[in-house]
Amino acid sequence: MEVFYYLVFGGLAAVVAALELGKSGKDRVTTTPAFNAFKNNYILVYSLMMSGDWLQGPYVYYLYSQYGFDKGDIGRLFIAGFGSSMLFGTIVGSLADKQGRKRACITYCISYILSCITKHSPEYKILMIGRVLGGIATSLLFSAFESWLVAEHNKRGFDPQWLSITFSKAIFLGNGLVAIVAGLFANLLADNLGFGPVAPFDAAACFLAIGMAIILSSWSENYGDTSDNKDLIAQFKVAAKAIASDEKIALLGAIQSLFEGSMYTFVFLWTPALSPNDEEIPHGFIFATFMLSSMLGSSIASRLLARKLKVEGYMQIVFSISACTLFLPVVTNFLVPTSSEKGGSISFGGCLQLLGFCIFESCVGIFWPSIMKMRSQYIPEEARSTIMNFFRIPLNLFVCVVLYNVNAFPITIMFGMCAIFLFMAAILQRRLMVVSDLHRSTKAVEMTGEDEPLNP
């Protein structure tokens, strides 16, 4: 059955290579040297930031267990990270709009480097502080960098359509290729070279420091609303008012929370789903396969965005496919006979689920650049980081609840719940398309002075 893993990985690699090498003129956008330099600088920094994050992922749980902590203690450490992101992330995001996005990106580097340093201590309180710092850093990673990019892109007068190029390339490399290489490099340091499970965290700190040096030397500062009378509370009010008064922003936030909540739940569930009877599965190789699937999705997204297809339209299909793939474990549980043998190779049902999970990860690869594109269109510049972190509050709350009750429900119930959330995201995406089309028609009428809406 081990051949199956290589066939899946090889097939995905061949498809990704064919898509990248087979791009036609319709899939490419003519840009300027100035934009290419700007794009490459951002992608380099983003890849370094993501490598600092991906290097840590495979060994967090293992390191805590090596320090002698049980499942309950480790669960509380993980909850602390998501809870910190929920409680402090919004505040830090608002400060990014007020004090500067470049400063926020530097704060991310410093916070995550300090978090990596705490991993050297076996003291529970020190590790808890590290998780809090990591939660703050995560909020900045998924808000400050994108906010800086959008503002700087517009400030330099580049074509708004070119943002899609940067988004797609950043996800293709940062969430795909870098993740695969980081996982293999972490395994090399910790296992093959024998430096132990703390070594990947030291490597992550080094990459973060390099990225911070590039930010300090080559990035300019940009802000949201810098009015002197806008304190932190006022900034929150501006963000809350924008969400409450604009249905498009509220829908976008709900869609993002539903999808990312399901995605993070999947991260905890895929291992027990593929090995319900402690089957021997190559976790690292499967992780690399998932990241390759994500690369496939981002490659597809770059083609869709280059051809200027309506994001609100094709994302309905993506969410529907995602819902079907995460409902697959429920179906296989009832239709495919399960073996009671302990410690064998992956079952036939597990193979089917693995293929479905690869399709889901491809949807994740399409989701990231597409949601970034929609956020750049709908979220107002003056409170961009604040609003983006507001979106993460229900997401982090949901993940904390799942982590706290991970043993309370059967795994099929958890997957069924995720499938329902993704189907709800598809419905809300349909509503977002209707509202945005209506908004465009209304603006067209106002500009032309006609009484009848124009055809979209």
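## Helices α8 and α12

Helices α8 and α12 are roughly antiparallel to each other, because they pack at an angle of about 170° and an angle over 145 degrees counts as roughly antiparallel (under 35 as roughly parallel, 65 to 115 as roughly perpendicular, and the rest as oblique). Their axes lie 8 Å apart. On the α8 side the contact involves residues including Ser164, Ser168, Ile171 and Phe172, and on the α12 side residues including Phe287, Ala288, Met291 and Ala301. Contact means heavy atoms within 4.5 Å.

The model is predicted: local features need pLDDT of at least 70 and side-chain atom pairs count only at pLDDT 80 or more, whereas totals for chains, interfaces and linings use all residues. Residues are numbered from 1 along each chain as its sequence is written, and side-chain values use heavy atoms, with hydrogens and water left out.

Helix α8 covers residues 163–192, and helix α12 covers residues 283–306. Helices are DSSP runs (H or I, at least four residues; strands are E, at least two), numbered from the N terminus. Axes are lines fitted to C-alpha atoms, for helices over the stretch in contact, and angles run from 0 to 180 degrees between N-to-C directions.

## Other helix pairs

Helix α12 also packs against helix α1 (residues 2–21), at an angle of about 25° and with the axes 10 Å apart. These two helices are therefore roughly parallel to each other. Their crossing is left-handed; this term applies if the near helix is turned anticlockwise from the far one by less than a right angle, and right-handed applies if it is turned clockwise. Among the residues of α1 that meet α12 are Tyr5, Phe9, Leu12 and Val16, and among their counterparts in α12 are Phe285, Ala288, Leu292 and Ile300.

Helix α8 has a further partner in α14: their axes come within 9 Å and cross at roughly 145°. This crossing is right-handed. In α8, Leu163, Ser164, Phe167, Ser168, Ile171 and Asn175 take part, and they meet Gly365, Trp368, Pro369, Met372, Lys373 and Ser376 in α14.

## Residues at the helix contacts

Ser168 belongs to helix α8 and is buried, with a relative accessible area of 5%. Buried means under 20% relative accessible area, exposed means over 50%, and partly exposed lies in between (1.4 Å probe, protein chains only). Apart from neighbours within four places in sequence, Ser168 is in contact with Ser298, Ala301, Ser302, Leu305 and Pro369.

Ala301, in helix α12, is buried with a relative accessible area of 0%. Beyond neighbours within four places in sequence, Ala301 is in contact with Ser168, Gly365, Ile366 and Pro369. Ala301 and Cys363 are 62 residues apart in sequence, and their C-alpha atoms are 9.4 Å apart in space. Phe287 also lies in α12 but counts as partly exposed, at 22% relative accessibility. With neighbours within four places in sequence left aside, Phe287 is in contact with Trp54 and Ala179.

## The nonpolar core and the domains

A nonpolar core is a set of buried Ala, Val, Leu, Ile, Met, Phe, Trp, Tyr and Cys residues joined through side-chain atoms within 4.5 Å. The largest such core has 141 residues, of which Met49, Tyr108, Phe145, Phe290, Met315 and Phe357 touch the most other members. Helix α14 (residues 348–378) gives the most to this core, with 14 residues. Both domain 1 and domain 2 supply at least three residues each. Phe145 touches Tyr42, Val45, Met49, Cys105, Tyr108, Leu140, Ile215 and Trp219, with residues up to four places away in sequence not counted.

The domain assignment gives domain 1 (39–222) and domain 2 (232–446); such bounds come from an automatic or database domain assignment. The C-alpha centres of the two domains lie 20 Å apart. In total, 40 residues of domain 1 are in contact with 42 residues of domain 2.

Glu260 lies in helix α11 (residues 247–274) and is buried, with a relative accessible area of 1%. Not counting residues up to four places away in sequence, Glu260 touches Phe367, Trp368, Arg392 and Leu395. The C-alpha atoms of Glu260 and Ala244 are separated by 21 Å, and the two residues are 16 residues apart along the chain.

Arg440, in helix α16 (residues 411–448), counts as partly exposed at 40% relative accessibility. Arg440 touches Glu312 and Tyr378, again not counting residues up to four places away in sequence.
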